[in-house]
Each structure stands twice: as structure tokens, then as C-alpha cells.
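This report covers the fold of one protein chain. Please look through the sequence and the structure below before reading on.

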Amino acid sequence: MLARLTGKPASIPEEAKSVDIPQMELLFSTVPLIEGKEIVKHFGLISVEAVVKEEEKEKSSFFNKLIKNNGNGLIYKLGEARNEALKNLETQAKEIGANAILGVNIGYGNVGGLTGSTMVVTVSGNAVLYK
């Protein structure tokens, strides 16, 4: 599939690297509870989005739309957008008084159909206060 999209052999350059998930201050969990802790308040669902838009000079393969060269190797733009969304979700949770986000879900979507040049990263979860 990758070879078909890029027109090149299906290999990722050695200098390509993923973007690590940042250290967060609040507890993030994909499950809806915290074992051994009591949830004292539910704030409800919170959600944020981050957008990756193709720059005009990047009119190339789908694979190349998702990465950029920053001089230190390739970094995935989607990873950066995911991290931005996670940080924004944490900020939103702090503003309402939550100290954890449970049931965290990260979704990716393409805006504009098969030829769309914009990717959207959505992060959502249930903001809670636990003790």
C-alpha cells in the first residue's frame, strides 16, 4: 500500500522517527475507572481537535503529506497534532477542575475525501475528579 502511494519501495527512512507522547500532569486513561481510587465528581465528556493541513509546496504523495523534514530528520505531523490535542484536552480539563481524563479516545480523519489535504486529530474523554 505504501509503495503504491509513494511510488517508491515500502520502507521508512532510518532518520524517520515518531513523536513521543508528552508527559502529562493529569492522569489520562483509556479505561473508564481508576482502580483503588474514588471518583468524587464527573464533569462529563470533553473533546478537542487539532488540524494538519497540507502546505502548498507539499503537493506530493499521501505519505509525504504526513511527514516533514525539520533538519533533524523526519517527524510525523500527525504525532505533533496528536500531542497538541492531548495538551489542549489537559488544559480544558484543568480549567473545569478535573484531575483525570478517563476513557480517552484518539481519532484521525481526512477532510476532503480521497484527495483531501487536511487531517483532523480528535481527542476526547470523560473529565473527572478523583481522590
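What percentage of the 131 residues of the protein chain count as buried?

## Model and surface

Of the 131 residues, 35% are buried (under 20% relative accessible area, with exposed meaning over 50% and partly exposed in between; 1.4 Å probe, protein chains only). The accessible surface of the chain is about 8300 Å², and carbon and sulfur atoms contribute 52% of that area (Shrake-Rupley method, 1.4 Å probe).

The model is predicted: local features need pLDDT of at least 70 and side-chain atom pairs count only at pLDDT 80 or more, while totals for chains, interfaces and linings use all residues. Residues are numbered from 1 along each chain as its sequence is written, and side-chain values use heavy atoms, with hydrogens and water left out.

## Order of elements

Three helices and six strands make up the secondary structure of the protein chain, arranged along the sequence as α-β-β-α-β-β-α-β-β. These are DSSP runs numbered from the N terminus (helices H or I, at least four residues; strands E, at least two).

Among contacts with a separation of 6 or more, 74% are between residues 24 or more positions apart; a contact means heavy atoms within 4.5 Å.

An open sheet of four strands has the order β1-β5-β6-β2, with mixed pairing. Its edge strands, β1 (27-28) and β2 (39-53), each pair on one side only; pairing requires at least two DSSP bridges between two strands. β1 runs parallel to β5 (residues 100-111), joined by two bridges. L27 has A100 of β5 as its bridge partner.

Helix α3 (residues 77-95) lies across β1, β2, β5 and β6 (118-130), at about 150 degrees to β2. Axes are lines fitted to C-alpha atoms, for helices over the stretch in contact, and angles run from 0 to 180 degrees between N-to-C directions.
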